[in-house]
Amino acid sequence: MPATTTPRNRAYVETYGCQMNIGDGELMEGILAAAGYEIASCPEEADVVLVNTCAIREHAERRVLGRVSQLNALKKRRPDLVIGVTGCMAQRMGDGLLARAPYVDLVMGPDGYRSLPDALARLREPRGPSPAVRRRRRERVQLAVLDIDIEESYEGLAPRRGSDVNAWVTVQRGCNHRCTFCIVPYVRGPEKNRRPDEVLAEVAGLAARGITQVTLLGQTVNSYSHPGWSFPRLLREVAHVPGIQRVRFTSPHPKDVTPALVEVMAGEAAVCEQLHLPVQSGSDAVLRRMLRRYTVAGYLEKVAMVRDAIPEVALSTDLIVAFPGETEADFEATLDLVRHVGYDDAFTYRYSPREGTPATRLPAASFVPHDVAQRRLERLIDVARDVQARINRSEVGRMEEVLVEREAHGPGQVMGRTRRNKVVTFDGDPSWIGTYRSVRIERTSGVTFTGRPAEAASA
(Lines give C-alpha, C1' and ligand atoms only; values in the text may rest on other atoms or scores of the structure.)
Protein backbone atom coordinates (compact mmCIF):
# COMPACT_ATOMS: atom_id res chain seq x y z
CA MET A 1 0.00 0.00 0.00
CA PRO A 2 1.26 3.54 -0.72
CA ALA A 3 2.27 5.62 2.26
CA THR A 4 -0.40 7.96 3.58
CA THR A 5 0.01 11.71 3.03
CA THR A 6 -1.95 12.60 6.15
CA PRO A 7 0.34 13.94 8.88
CA ARG A 8 0.20 12.59 12.37
CA ASN A 9 -1.10 15.09 14.91
CA ARG A 10 0.82 14.53 18.11
CA ALA A 11 1.96 17.42 20.26
CA TYR A 12 4.14 17.72 23.33
CA VAL A 13 4.15 20.79 25.60
CA GLU A 14 7.19 21.26 27.85
CA THR A 15 6.70 23.98 30.46
CA TYR A 16 9.25 26.06 32.38
CA GLY A 17 8.63 28.69 35.03
CA CYS A 18 5.84 29.74 37.34
CA GLN A 19 2.39 28.38 38.13
CA MET A 20 0.92 30.74 35.52
CA ASN A 21 3.05 28.98 32.92
CA ILE A 22 1.84 25.61 34.18
CA GLY A 23 -1.73 26.83 33.72
CA ASP A 24 -0.87 28.10 30.23
CA GLY A 25 0.68 24.75 29.35
CA GLU A 26 -2.55 22.99 30.30
CA LEU A 27 -4.48 25.58 28.28
CA MET A 28 -2.39 24.92 25.16
CA GLU A 29 -2.84 21.18 25.56
CA GLY A 30 -6.60 21.68 25.84
CA ILE A 31 -6.67 23.83 22.69
CA LEU A 32 -4.61 21.30 20.76
CA ALA A 33 -6.66 18.34 21.99
CA ALA A 34 -9.87 20.11 20.90
CA ALA A 35 -8.28 20.61 17.46
CA GLY A 36 -7.63 16.87 17.09
CA TYR A 37 -4.09 16.58 18.40
CA GLU A 38 -3.04 13.68 20.57
CA ILE A 39 -0.95 14.87 23.52
CA ALA A 40 2.33 12.97 23.50
CA SER A 41 4.22 11.95 26.62
CA CYS A 42 7.68 12.93 25.32
CA PRO A 43 9.25 14.91 22.44
CA GLU A 44 10.38 11.76 20.67
CA GLU A 45 6.76 10.73 20.17
CA ALA A 46 5.56 14.14 18.96
CA ASP A 47 5.20 15.85 15.60
CA VAL A 48 4.98 19.26 17.28
CA VAL A 49 7.07 20.23 20.33
CA LEU A 50 6.20 23.45 22.13
CA VAL A 51 8.58 24.81 24.76
CA ASN A 52 6.52 27.02 27.07
CA THR A 53 8.83 29.59 28.60
CA CYS A 54 9.53 32.12 31.33
CA ALA A 55 11.34 35.46 30.87
CA ILE A 56 11.67 36.56 34.48
CA ARG A 57 15.39 35.79 34.69
CA GLU A 58 18.27 35.42 32.26
CA HIS A 59 19.13 31.96 33.61
CA ALA A 60 15.67 30.68 32.61
CA GLU A 61 16.14 31.96 29.07
CA ARG A 62 19.59 30.39 28.73
CA ARG A 63 18.11 27.09 29.88
CA VAL A 64 15.40 27.27 27.21
CA LEU A 65 17.89 28.15 24.47
CA GLY A 66 19.90 25.10 25.48
CA ARG A 67 16.79 22.96 25.40
CA VAL A 68 15.68 24.01 21.92
CA SER A 69 19.22 23.36 20.71
CA GLN A 70 18.86 19.81 22.04
CA LEU A 71 15.54 19.48 20.24
CA ASN A 72 17.26 20.52 17.01
CA ALA A 73 19.18 17.23 17.16
CA LEU A 74 15.80 15.49 17.03
CA LYS A 75 14.71 17.74 14.17
CA LYS A 76 17.79 16.80 12.14
CA ARG A 77 16.61 13.19 12.24
CA ARG A 78 12.99 14.20 11.57
CA PRO A 79 12.95 17.35 9.41
CA ASP A 80 9.14 17.64 9.54
CA LEU A 81 9.19 18.11 13.32
CA VAL A 82 7.79 21.52 14.28
CA ILE A 83 9.55 23.25 17.18
CA GLY A 84 7.75 26.16 18.81
CA VAL A 85 8.69 28.48 21.66
CA THR A 86 5.72 29.99 23.47
CA GLY A 87 5.15 32.19 26.49
CA CYS A 88 6.95 35.14 28.03
CA MET A 89 10.41 34.50 26.57
CA ALA A 90 8.90 34.16 23.09
CA GLN A 91 7.10 37.48 23.54
CA ARG A 92 10.22 39.21 24.83
CA MET A 93 12.65 37.97 22.19
CA GLY A 94 10.19 37.89 19.29
CA ASP A 95 11.67 37.59 15.80
CA GLY A 96 15.12 37.76 17.36
CA LEU A 97 14.59 34.27 18.72
CA LEU A 98 13.97 32.95 15.19
CA ALA A 99 17.24 34.50 14.09
CA ARG A 100 19.18 33.25 17.12
CA ALA A 101 17.71 29.73 16.88
CA PRO A 102 16.87 29.26 13.18
CA TYR A 103 15.66 25.73 13.76
CA VAL A 104 12.69 27.13 15.72
CA ASP A 105 9.58 27.27 13.53
CA LEU A 106 7.19 29.23 15.76
CA VAL A 107 7.39 31.90 18.42
CA MET A 108 4.10 32.72 20.11
CA GLY A 109 3.37 35.07 22.99
CA PRO A 110 0.91 34.46 25.84
CA ASP A 111 -2.02 36.06 24.00
CA GLY A 112 -1.71 33.93 20.88
CA TYR A 113 -2.74 30.49 22.09
CA ARG A 114 -6.27 30.61 20.70
CA SER A 115 -4.74 30.68 17.20
CA LEU A 116 -2.27 27.87 17.91
CA PRO A 117 -3.94 25.19 15.72
CA ASP A 118 -4.16 27.58 12.75
CA ALA A 119 -0.52 28.60 13.17
CA LEU A 120 0.59 24.97 13.24
CA ALA A 121 -1.51 24.20 10.17
CA ARG A 122 0.31 26.97 8.27
CA LEU A 123 3.70 25.64 9.37
CA ARG A 124 2.92 22.04 8.48
CA GLU A 125 1.87 22.79 4.88
CA PRO A 126 2.59 22.11 2.11
CA ARG A 127 3.02 18.43 2.72
CA GLY A 128 3.14 15.31 0.62
CA PRO A 129 5.48 12.84 -1.06
CA SER A 130 6.27 14.69 -4.30
CA PRO A 131 9.77 16.07 -4.97
CA ALA A 132 8.31 19.53 -5.53
CA VAL A 133 6.68 19.49 -2.12
CA ARG A 134 9.88 18.23 -0.50
CA ARG A 135 11.78 21.09 -2.09
CA ARG A 136 9.25 23.57 -0.74
CA ARG A 137 9.60 22.01 2.71
CA ARG A 138 13.30 22.83 2.58
CA GLU A 139 12.31 26.47 2.06
CA ARG A 140 11.36 26.67 5.72
CA VAL A 141 8.54 28.81 6.96
CA GLN A 142 8.93 30.53 10.33
CA LEU A 143 6.06 32.23 12.09
CA ALA A 144 5.86 34.81 14.89
CA VAL A 145 2.55 35.44 16.71
CA LEU A 146 3.30 38.27 19.12
CA ASP A 147 0.33 40.62 19.29
CA ILE A 148 -0.80 41.56 22.81
CA ASP A 149 -4.59 41.41 22.99
CA ILE A 150 -5.98 43.46 25.89
CA GLU A 151 -9.25 41.51 25.67
CA GLU A 152 -7.89 37.95 25.58
CA SER A 153 -8.68 36.07 28.77
CA TYR A 154 -9.27 32.69 27.06
CA GLU A 155 -12.92 32.49 28.07
CA GLY A 156 -14.65 29.40 26.73
CA LEU A 157 -11.48 27.32 26.32
CA ALA A 158 -10.94 24.25 28.49
CA PRO A 159 -7.46 23.35 29.77
CA ARG A 160 -6.29 19.75 29.68
CA ARG A 161 -5.67 19.02 33.34
CA GLY A 162 -2.37 17.45 34.27
CA SER A 163 -3.51 16.38 37.72
CA ASP A 164 -6.59 14.84 39.30
CA VAL A 165 -5.58 16.20 42.69
CA ASN A 166 -5.04 19.94 42.25
CA ALA A 167 -6.29 22.24 39.50
CA TRP A 168 -4.78 25.59 38.54
CA VAL A 169 -7.59 28.03 37.75
CA THR A 170 -6.47 31.23 36.06
CA VAL A 171 -8.66 34.15 37.13
CA GLN A 172 -6.44 36.98 35.92
CA ARG A 173 -3.84 37.55 33.20
CA GLY A 174 -1.39 40.41 32.80
CA CYS A 175 -0.40 43.05 35.34
CA ASN A 176 -1.08 46.74 35.95
CA HIS A 177 1.87 47.15 38.32
CA ARG A 178 5.13 48.48 36.97
CA CYS A 179 7.76 47.09 39.32
CA THR A 180 10.98 48.32 37.78
CA PHE A 181 12.67 44.89 37.75
CA CYS A 182 9.77 42.97 36.20
CA ILE A 183 9.24 42.06 32.55
CA VAL A 184 5.72 40.63 33.05
CA PRO A 185 3.67 43.75 32.15
CA TYR A 186 5.61 44.04 28.89
CA VAL A 187 5.18 40.42 27.79
CA ARG A 188 1.71 39.67 29.20
CA GLY A 189 0.12 43.09 28.85
CA PRO A 190 -2.26 44.85 31.23
CA GLU A 191 -4.44 43.12 33.79
CA LYS A 192 -7.37 41.15 32.35
CA ASN A 193 -9.83 39.57 34.79
CA ARG A 194 -12.14 36.69 33.91
CA ARG A 195 -15.85 36.81 34.47
CA PRO A 196 -16.68 35.40 37.91
CA ASP A 197 -19.46 33.17 36.57
CA GLU A 198 -16.97 31.54 34.20
CA VAL A 199 -14.52 30.96 37.05
CA LEU A 200 -17.19 29.46 39.30
CA ALA A 201 -18.49 27.24 36.50
CA GLU A 202 -14.96 25.96 35.88
CA VAL A 203 -14.46 25.21 39.58
CA ALA A 204 -17.84 23.44 39.76
CA GLY A 205 -16.84 21.31 36.78
CA LEU A 206 -13.60 20.37 38.48
CA ALA A 207 -15.43 19.39 41.66
CA ALA A 208 -17.79 17.24 39.60
CA ARG A 209 -14.72 15.37 38.33
CA GLY A 210 -13.64 14.67 41.89
CA ILE A 211 -10.92 17.34 42.16
CA THR A 212 -11.15 18.78 45.66
CA GLN A 213 -8.34 21.39 45.66
CA VAL A 214 -8.06 24.42 43.39
CA THR A 215 -5.42 27.14 43.22
CA LEU A 216 -6.54 30.50 41.84
CA LEU A 217 -3.88 32.10 39.64
CA GLY A 218 -3.10 35.67 38.70
CA GLN A 219 -0.05 37.87 38.27
CA THR A 220 -1.29 39.89 41.26
CA VAL A 221 -4.26 37.68 41.96
CA ASN A 222 -5.72 39.66 44.86
CA SER A 223 -6.10 42.76 42.69
CA TYR A 224 -8.78 40.84 40.77
CA SER A 225 -11.89 42.89 40.10
CA HIS A 226 -15.00 42.65 37.97
CA PRO A 227 -18.12 44.83 38.13
CA GLY A 228 -19.63 44.05 41.53
CA TRP A 229 -16.85 41.61 42.41
CA SER A 230 -13.61 41.82 44.35
CA PHE A 231 -11.08 39.10 44.97
CA PRO A 232 -12.35 38.44 48.52
CA ARG A 233 -15.84 37.87 47.13
CA LEU A 234 -14.54 35.54 44.41
CA LEU A 235 -12.44 33.62 46.94
CA ARG A 236 -15.46 33.20 49.23
CA GLU A 237 -17.68 31.94 46.41
CA VAL A 238 -15.05 29.47 45.20
CA ALA A 239 -14.73 28.17 48.77
CA HIS A 240 -18.50 27.53 48.78
CA VAL A 241 -18.54 25.38 45.63
CA PRO A 242 -19.83 21.94 46.69
CA GLY A 243 -17.06 19.35 46.69
CA ILE A 244 -14.18 21.81 47.03
CA GLN A 245 -12.26 21.14 50.24
CA ARG A 246 -9.13 23.26 49.75
CA VAL A 247 -8.60 26.62 48.06
CA ARG A 248 -5.25 28.32 47.57
CA PHE A 249 -4.26 31.40 45.56
CA THR A 250 -1.05 32.86 44.15
CA SER A 251 0.58 35.27 43.76
CA PRO A 252 -0.87 38.16 45.75
CA HIS A 253 0.58 41.65 46.04
CA PRO A 254 1.06 43.04 49.57
CA LYS A 255 -0.69 46.27 48.58
CA ASP A 256 -3.97 44.41 48.09
CA VAL A 257 -3.90 42.32 51.27
CA THR A 258 -6.96 43.93 52.84
CA PRO A 259 -9.03 43.29 55.97
CA ALA A 260 -11.76 41.92 53.69
CA LEU A 261 -9.38 39.37 52.20
CA VAL A 262 -8.04 38.32 55.61
CA GLU A 263 -11.61 37.95 56.90
CA VAL A 264 -12.40 35.48 54.10
CA MET A 265 -9.16 33.57 54.67
CA ALA A 266 -9.87 33.27 58.37
CA GLY A 267 -13.58 32.54 58.07
CA GLU A 268 -13.85 30.07 55.21
CA ALA A 269 -12.95 26.50 56.18
CA ALA A 270 -11.88 25.59 52.64
CA VAL A 271 -9.32 28.40 52.34
CA CYS A 272 -5.94 27.06 53.39
CA GLU A 273 -3.85 28.60 56.16
CA GLN A 274 -1.10 29.60 53.77
CA LEU A 275 -0.12 32.88 52.16
CA HIS A 276 2.62 33.64 49.66
CA LEU A 277 3.47 37.30 50.22
CA PRO A 278 6.37 38.55 48.07
CA VAL A 279 8.40 41.25 49.83
CA GLN A 280 11.44 41.40 47.47
CA SER A 281 13.57 43.50 49.86
CA GLY A 282 13.81 44.56 53.48
CA SER A 283 15.03 48.05 52.61
CA ASP A 284 12.69 50.99 52.01
CA ALA A 285 15.24 52.59 49.70
CA VAL A 286 15.36 49.47 47.52
CA LEU A 287 11.57 49.07 47.59
CA ARG A 288 11.21 52.65 46.31
CA ARG A 289 13.58 51.95 43.41
CA MET A 290 11.66 48.75 42.73
CA LEU A 291 8.38 50.74 42.74
CA ARG A 292 6.79 48.19 45.05
CA ARG A 293 4.20 50.62 46.53
CA TYR A 294 4.71 49.72 50.19
CA THR A 295 7.25 50.25 52.93
CA VAL A 296 8.78 47.66 55.21
CA ALA A 297 6.62 48.95 58.07
CA GLY A 298 3.50 48.70 55.90
CA TYR A 299 4.41 45.17 54.88
CA LEU A 300 4.91 44.15 58.49
CA GLU A 301 1.50 45.60 59.35
CA LYS A 302 -0.01 43.27 56.72
CA VAL A 303 1.87 40.32 58.19
CA ALA A 304 0.62 41.18 61.70
CA MET A 305 -2.96 41.54 60.43
CA VAL A 306 -2.82 38.10 58.80
CA ARG A 307 -1.26 36.41 61.82
CA ASP A 308 -3.68 38.03 64.26
CA ALA A 309 -6.58 36.53 62.30
CA ILE A 310 -4.88 33.24 61.33
CA PRO A 311 -2.28 32.35 63.99
CA GLU A 312 -1.34 29.09 62.23
CA VAL A 313 -0.76 30.70 58.83
CA ALA A 314 2.35 29.61 56.93
CA LEU A 315 4.03 32.50 55.13
CA SER A 316 6.30 32.28 52.11
CA THR A 317 7.91 35.06 50.11
CA ASP A 318 10.07 36.13 47.16
CA LEU A 319 13.34 37.98 47.73
CA ILE A 320 15.73 39.68 45.31
CA VAL A 321 19.29 40.56 46.30
CA ALA A 322 21.71 42.92 44.57
CA PHE A 323 19.09 45.15 42.99
CA PRO A 324 20.89 48.23 41.60
CA GLY A 325 21.89 50.55 44.40
CA GLU A 326 21.55 47.92 47.15
CA THR A 327 24.12 48.67 49.87
CA GLU A 328 25.43 46.31 52.50
CA ALA A 329 23.09 48.03 54.97
CA ASP A 330 20.14 47.40 52.61
CA PHE A 331 21.12 43.76 52.35
CA GLU A 332 21.46 43.39 56.10
CA ALA A 333 17.97 44.90 56.44
CA THR A 334 16.66 42.12 54.21
CA LEU A 335 18.30 39.48 56.39
CA ASP A 336 16.79 41.14 59.47
CA LEU A 337 13.34 41.06 57.86
CA VAL A 338 13.63 37.35 57.07
CA ARG A 339 14.57 36.61 60.68
CA HIS A 340 11.85 38.89 62.05
CA VAL A 341 8.96 37.58 59.94
CA GLY A 342 10.00 33.93 60.14
CA TYR A 343 9.07 32.65 56.68
CA ASP A 344 8.10 29.02 56.28
CA ASP A 345 9.61 29.17 52.79
CA ALA A 346 11.47 31.74 50.72
CA PHE A 347 12.26 31.87 47.02
CA THR A 348 15.51 33.76 46.66
CA TYR A 349 17.01 35.31 43.54
CA ARG A 350 19.90 37.47 42.43
CA TYR A 351 18.73 40.50 40.43
CA SER A 352 18.63 39.68 36.72
CA PRO A 353 18.45 42.65 34.31
CA ARG A 354 15.61 42.29 31.81
CA GLU A 355 15.93 44.37 28.65
CA GLY A 356 13.07 46.85 28.41
CA THR A 357 12.46 47.17 32.14
CA PRO A 358 13.09 50.52 33.88
CA ALA A 359 15.71 49.09 36.25
CA THR A 360 18.12 48.52 33.38
CA ARG A 361 18.25 52.30 32.89
CA LEU A 362 19.50 53.00 36.40
CA PRO A 363 23.06 54.43 36.57
CA ALA A 364 25.69 51.87 35.64
CA ALA A 365 27.63 52.64 38.80
CA SER A 366 24.66 51.45 40.90
CA PHE A 367 24.82 47.87 39.63
CA VAL A 368 26.20 45.44 42.19
CA PRO A 369 29.31 43.47 41.10
CA HIS A 370 28.67 39.83 40.27
CA ASP A 371 30.84 38.40 43.04
CA VAL A 372 29.18 40.61 45.66
CA ALA A 373 25.73 39.68 44.38
CA GLN A 374 26.53 35.97 44.51
CA ARG A 375 27.90 36.25 48.03
CA ARG A 376 24.75 38.02 49.18
CA LEU A 377 22.52 35.43 47.55
CA GLU A 378 24.36 32.56 49.22
CA ARG A 379 24.15 34.25 52.60
CA LEU A 380 20.44 34.98 52.16
CA ILE A 381 19.78 31.34 51.25
CA ASP A 382 21.60 30.22 54.40
CA VAL A 383 19.58 32.55 56.62
CA ALA A 384 16.26 31.65 54.98
CA ARG A 385 16.97 27.92 55.29
CA ASP A 386 17.96 28.29 58.93
CA VAL A 387 14.67 30.06 59.67
CA GLN A 388 12.68 27.44 57.73
CA ALA A 389 14.45 24.55 59.48
CA ARG A 390 13.80 26.08 62.90
CA ILE A 391 10.08 26.45 62.14
CA ASN A 392 9.82 22.94 60.72
CA ARG A 393 11.63 21.33 63.67
CA SER A 394 9.05 22.92 65.96
CA GLU A 395 6.29 21.15 64.03
CA VAL A 396 7.58 17.60 64.50
CA GLY A 397 4.99 15.64 66.46
CA ARG A 398 1.97 17.44 65.01
CA MET A 399 -0.94 15.55 63.46
CA GLU A 400 -1.67 17.00 60.03
CA GLU A 401 -4.28 16.48 57.31
CA VAL A 402 -2.38 15.60 54.13
CA LEU A 403 -3.80 15.57 50.62
CA VAL A 404 -1.94 12.76 48.85
CA GLU A 405 -0.60 13.98 45.49
CA ARG A 406 1.57 11.22 44.06
CA GLU A 407 3.86 8.30 44.73
CA ALA A 408 7.13 9.26 46.41
CA HIS A 409 10.59 8.16 45.31
CA GLY A 410 10.89 5.60 48.09
CA PRO A 411 9.20 2.24 47.51
CA GLY A 412 5.82 1.95 49.17
CA GLN A 413 5.67 5.67 49.94
CA VAL A 414 3.42 8.53 48.88
CA MET A 415 3.83 12.29 49.03
CA GLY A 416 1.33 15.01 49.83
CA ARG A 417 0.87 18.46 51.33
CA THR A 418 -0.67 19.77 54.49
CA ARG A 419 -3.16 22.62 54.48
CA ARG A 420 -0.19 24.89 55.24
CA ASN A 421 1.55 23.61 52.09
CA LYS A 422 4.20 21.56 53.88
CA VAL A 423 5.47 18.53 51.92
CA VAL A 424 5.17 15.20 53.76
CA THR A 425 6.35 11.74 52.66
CA PHE A 426 4.97 8.64 54.37
CA ASP A 427 4.20 4.95 53.86
CA GLY A 428 1.07 4.52 51.80
CA ASP A 429 -0.60 2.97 48.80
CA PRO A 430 -0.93 4.62 45.36
CA SER A 431 -4.69 4.16 45.69
CA TRP A 432 -4.55 6.93 48.31
CA ILE A 433 -3.69 9.57 45.68
CA GLY A 434 -6.38 12.24 45.76
CA THR A 435 -7.54 11.32 49.28
CA TYR A 436 -6.95 13.01 52.63
CA ARG A 437 -4.98 11.22 55.37
CA SER A 438 -4.20 12.10 58.95
CA VAL A 439 -0.43 11.91 59.32
CA ARG A 440 1.75 12.36 62.37
CA ILE A 441 4.92 14.33 61.56
CA GLU A 442 7.93 12.35 62.82
CA ARG A 443 11.02 13.90 61.21
CA THR A 444 12.12 16.83 59.11
CA SER A 445 15.04 17.38 56.78
CA GLY A 446 14.68 21.07 57.49
CA VAL A 447 12.71 21.54 54.26
CA THR A 448 10.33 18.57 53.99
CA PHE A 449 8.80 16.12 56.45
CA THR A 450 8.52 12.40 56.97
CA GLY A 451 5.45 11.11 58.75
CA ARG A 452 3.36 8.13 59.69
CA PRO A 453 -0.32 7.75 58.76
CA ALA A 454 -2.67 7.76 61.75
CA GLU A 455 -3.76 4.16 61.29
CA ALA A 456 -0.13 3.03 61.46
CA ALA A 457 0.75 5.48 64.24
CA SER A 458 -2.01 4.06 66.45
CA ALA A 459 -1.23 0.42 65.69
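What pLDDT does the protein chain average, and what share of the residues score at least 70? This is a predicted model, in which local features need pLDDT of at least 70 and side-chain atom pairs count only at pLDDT 80 or more, while totals for chains, interfaces and linings use all residues. Residues are numbered from 1 along each chain as its sequence is written, and side-chain values use heavy atoms, leaving out hydrogens and water.

The chain averages a pLDDT (the predictor's confidence in each residue, from 0 to 100) of 93, and 94% of the residues score at least 70. Residues 1-6 have a pLDDT below 50, with two contacts (heavy atoms within 4.5 Å) beyond near neighbours in sequence. Residues 131-136 also fall below 50, with six such contacts in the model.

Now to the interior. A nonpolar core is a set of buried Ala, Val, Leu, Ile, Met, Phe, Trp, Tyr and Cys residues joined through side-chain atoms within 4.5 Å; buried means under 20% relative accessible area, with a 1.4 Å probe and protein chains only. The largest such core holds 71 residues, and those touching the most other members are V214, L216, F231, L235, V238, V247 and F249. Helix 14 (residues 370-393) gives the most to this core, with seven residues; helices here are DSSP runs of H or I with at least four residues, and strands are runs of E with at least two, numbered from the N terminus. Leaving aside neighbours within four places in sequence, V247 is in contact with V214, L216, L235, V238, A239, A270, V271 and C272. A second, separate core has 27 residues, including L74, M93, L98 and V104.

The volume is the space filled by probe spheres set on the points, which are joined across faces, edges and corners. Searching the whole structure gives two cavities of 30 Å³ or more.

| Cavity | Volume | Lining by class |
|---|---|---|
| Largest | about 160 Å³ | six nonpolar, three polar, six charged |

Among the 15 residues lining the largest cavity, L27, Y154, P159, T170 and R194 are closest to its centre. Helix 1 (19-34) and strand 7 (166-170) each supply at least two lining residues, and helix 1 gives the most, with four. The second largest cavity is lined by E395, E400, T418, R420, K422, V424, I441 and F449.

Methods. Buried means under 20% relative accessible area, exposed over 50%, partly exposed in between (1.4 Å probe, protein chains only). On a 1 Å grid over the protein atoms alone, a cavity is a set of points where a 1.4 Å probe fits but cannot get out, and a pocket is an open set with protein on both sides within 12 Å along at least five of seven lines; lining residues have an atom within 4 Å of a point. Ala, Val, Leu, Ile, Met, Phe, Trp, Tyr, Cys and Pro count as nonpolar, Asp, Glu, Lys and Arg as charged, and the others, Gly among them, as polar.
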